[in-house]
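Please open the structure in a viewer and keep the selection panel at hand. The stops below are arranged so that each selection leads to the next.

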Amino acid sequence: MRKSNDKLTHAAHIKRNTRGTSNELSFSVLDAVKNALDEGKDVPSDQVRGFGRIRLFTLPLGLGKKPAATPKKDGSLPVSSGAALPPASSGTPEVLKPPRSHAESAAASAAAAPSVPVASASAFSRSQARSGRTSQEEIAWRKGRRRKRRVAAAALCVLLLIGLAAAGVLYLYNDTLRYQQNAERLGAAAENLASTDQLLLELDDALQDPLGEEAAAFLDSQGAALDAAEGTLKDVGIQASAATEGLRETEEREAADALMTGSSARLTMLREGRAILEDGVAAAELYDTLADTWQNVVDADELGREAAELASQDSRDAIGLSKEKTQQAYDALVQARSDVAYIEQQVEGMDLSAHLAYLDKKIESFEYALASDEALQNRDTATAVEKNDAYNEADRAAAELAAALPEDPAQPVLDAYEDLAASAIESYEAARSQASTSDAFLRDYLGSSGK
């Protein structure tokens, strides 16, 4: 009996590895009592109270209520020894019992544990029954499971940290790669921009005299090169714009902006300069046409003077020759008038009304001269004198109109060209200034970067 009591006393003490777990303490006590009964050893009745016909784990529980009273039968509760305890009565004084040992008190306290530990014990017992483990094995298994959960959580945190670090490294790598690619793209764009400089210098030289022969020769020889340069400058603008997305340094961004400004300015120079030259070549051709036409007018006037001298001679041959020259002069003036009207329509805003008025009066005078020669051939002196007087009057009027003509009869073509080209020339000069400013920054940048 002493040995059994020692086991119970030892089981009632709290073990170090069950600190903080009330269920484990309760089951250590209950298991000790149960083991003693299973071995067939005597256990004091006050230590095993509750073991008998009424199972400990079938006591009903209530939420927030005390456990229901143990059912009674014939005023006694059977125990394993078969002895019956007298029922407690409020009117009968409790029989004095001898003092119990420490182990007996612990077993009695464990048997009268509150309802919540009992419920936990019931869940623990069911888990133990399903797994086939002892109480100590169940406790160790649960501790191991909690330990595994903590290890899994720590491993998950480590994996998350590694993933974040890997993502950061990947981002830095990609950012550095983008930076290098954009820097290389920026250098390539600068080289492409510089490749158009020689052609633009030649264009600038040709624009010094857009109506000269050198301008026409430049357009004829460099037309394909101008087209290629325009495509190159467009690519430079696209490259510089794309490079700005991955550039971190302020100076590099400014270099990209300078490249975009320089390419845009060069495109303007290329387009406006080419338009100026093309209009200049066309204006030069019109200028030459008008100058040649007016020379025909001068030649026709000279023929008219020769015809007038021949008409003054009193001979049939001289009069016939006079009429022939007058007809030639008249035909030349009519053709000149048609050419001048055509030239006026080729340039918007060009005014050749003074030229046309002069030619109209000149043609009128030669009509009178032809009529006078016709009358002389017919020996109609009166008509010949009348038509000759009309010729002289029209010729004087033409001379007065000639005074309103410019010293250079083809000057209106140049004036009209200058008016039309003024806006293009202004745009070209502004773009030239922008290109010069951006080029100065790029030279400093490329020099400082060692490129």
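Begin with the aromatic side chains: this predicted model contains two aromatic pairs. For the tilted pair, select Trp294 and Tyr358, whose ring centres are 5.6 Å apart with 40° between the planes. Trp294 belongs to helix 8 (residues 250–311) and Tyr358 to helix 10 (residues 353–377), so this contact ties together parts that are 64 residues apart in sequence. Both Trp294 and Tyr358 are buried.

For the other pair, select Phe366 and Tyr391, an edge-to-face arrangement with 6.2 Å centre to centre and 75° between the planes. Because Phe366 is in helix 10 and Tyr391 in helix 11 (residues 381–402), the pair ties together parts that are 25 residues apart in sequence. Phe366 is buried, as is Tyr391.

Stay with helix 10 and select Lys362 together with Asp301. These residues form a salt bridge in which the closest N and O atoms are 2.1 Å apart. It links distant parts of the chain, with Lys362 in helix 10 and Asp301 in helix 8, 61 residues apart. How accessible is Lys362, and is the residue buried or exposed? Its relative accessible area is 3%, and Lys362 is therefore buried. Asp301 has a relative accessible area of 15%, so it is buried too.

The side chains of Lys362 and Asp395 meet in a salt bridge of 2.7 Å, N to O. Asp395 is buried, and so is Lys362.

For another of them, select Glu230 and Arg271, whose side chains meet at 3.1 Å, N to O. The pair links distant parts of the chain, from Glu230 in helix 7 (residues 213–243) to Arg271 in helix 8, 41 residues apart. Arg271 has 42% relative accessibility and therefore counts as partly exposed.

Next, select Arg145, Arg146, Arg147, Arg149 and Arg150, which form a positive surface patch. Arg146 is located in helix 5 (residues 135–194). With a relative accessibility of 38%, Arg146 counts as partly exposed.

Finally, clear the selection and colour by secondary structure. The protein has 12 helices and zero strands. Buried residues make up 33% of its 451 residues.

Terms used
Residues are numbered from 1 along each chain as its sequence is written. This is a predicted model: local features need pLDDT of at least 70, side-chain atom pairs count only at pLDDT 80 or more; totals for chains, interfaces and linings use all residues. Side-chain values use heavy atoms; hydrogens and water are left out. Patches are made of residues with over 30% relative accessible area and no salt bridge: like charges are joined within 9 Å, nonpolar side chains (Val, Leu, Ile, Met, Phe, Trp, Tyr) within 5 Å. Accessible areas come from the Shrake-Rupley method with a 1.4 Å probe; for residues, only the protein chains shown count as cover. A salt bridge is a side-chain nitrogen of Lys or Arg within 4 Å of a carboxyl oxygen of Asp or Glu. Lys and Arg count as positive and Asp and Glu as negative; His and the chain ends are not counted. The place of a charge is taken as NZ of Lys, CZ of Arg, CG of Asp or CD of Glu. Helices (H or I, at least four residues) and strands (E, at least two) are DSSP runs, numbered from the N terminus. Buried means under 20% relative accessible area, exposed over 50%, partly exposed in between (1.4 Å probe, protein chains only). Rings of Phe, Tyr and Trp (its six-membered ring) pair if their centres lie within 6.5 Å; planes under 30 degrees apart count as stacked, over 60 as edge-to-face and the rest as tilted.
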